[in-house]
Amino acid sequence: MDNPITLAFSWEAVENAVEYTYQLEAVKEPENEVIVTGKTKSLNVEIASTKEAELFYSSEYLFTLKAVSSDASVVSEAAEARVTTSSGPIALSIENLTYRSALMKSVPEDKDMYYQLAQIPVETYTAYDSDMEFIEGYDFGYYKKVGSAMPWIPWYAFMQEGSDKGNVEYETRMLKPNQNYLMYAYGVEFDMEILMILSRS
C-alpha cells in the first residue's frame, strides 16, 4: 500500500456548478461494485487503492460524475468514463483449490527478476500498517533470523537463495479449513557485487 494503484480524473467546469459528486465502480457481472463515492469543488480527483477500497491490476472501472448547483436543486446528467488498469509486474493465480491445498502460479513480466512468492493467513498481513512494514517485519525478519546462524553472510544472500525467477508453479499443502489466506509476490533486487565476492571467498 506504499505505492498503490491510483486513478486520476479531471473535467471542465460546468456553468453554475458549485461542486461535483462522483462515484467509482468496479465493472462486474451481473452487477457493478461501488468502490468509492464522494464530492469535490475541484475539477479533478485522484482515487488511490486502500485496504477499504482496493483497486486491482487488469480490471475495468466506471467513473461517474455529476455537477450540482448552489442550492442542490439542479443536478446535471451523469458523465461517464471507463478505464482499465494495466497488468501488474507479476500475474498471480490459484487453481485446484481444496480445503488443504492449492496450486499457486506466478508469471512475471521480467523473466530475469528475482521475486518472493508466498501465502500467509490474512490476519498476519493485516497486523501490519503497510506493505513495506509487512515486508520488512515478516519477510526480512525471517531471512535475518535464518542468517543469524552465519553472521558473516549478509542476510539478503539467504533471501536471494530463497527467491524465484521466471514462471513458477507451487503446490501448497499447508492450508487449513475456514482460514482466509493471502497469496502475494513482490520483486527484489540484491547487491550482486557483494554476493559475487562472497561466492568467491
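I looked up the largest pocket of this predicted model and noted about 1,300 Å³ of space in it. A pocket here is an open set of points on a 1 Å grid over the protein atoms alone, where a 1.4 Å probe fits, with protein on both sides within 12 Å along at least five of seven lines; grid points are joined across faces, edges and corners, and the volume is the space filled by probe spheres set on the points.

Next I checked the lining (residues with an atom within 4 Å of a point): of its 30 residues, Glu54, Tyr57, Asp131, Tyr184 and Ala185 are the closest to the centre. I sorted the lining into 20 nonpolar, six polar and four charged residues, where Ala, Val, Leu, Ile, Met, Phe, Trp, Tyr, Cys and Pro count as nonpolar, Asp, Glu, Lys and Arg as charged, and the others, Gly among them, as polar.

Which elements give two or more residues to this lining? I found β7, α2 (131–147) and β11 (181–188), and β11 gives the most, with six residues. Helices (H or I, at least four residues) and strands (E, at least two) are DSSP runs numbered from the N terminus.

I then followed β7 into an open sheet of three strands, ordered β7-β8-β10 with antiparallel pairing, where strands pair if DSSP finds at least two bridges between them. Its edge strands are β7 (90–95) and β10 (168–172), each of which pairs on one side only. Between β7 and β8 (residues 102–108) I noted six bridges in the antiparallel sense, with isoleucine 90 opposite proline 108 in β8.

For the record, residues are numbered from 1 along each chain as its sequence is written, and side-chain values use heavy atoms, without hydrogens and water. Local features need pLDDT of at least 70 and side-chain atom pairs count only at pLDDT 80 or more, whereas totals for chains, interfaces and linings use all residues.
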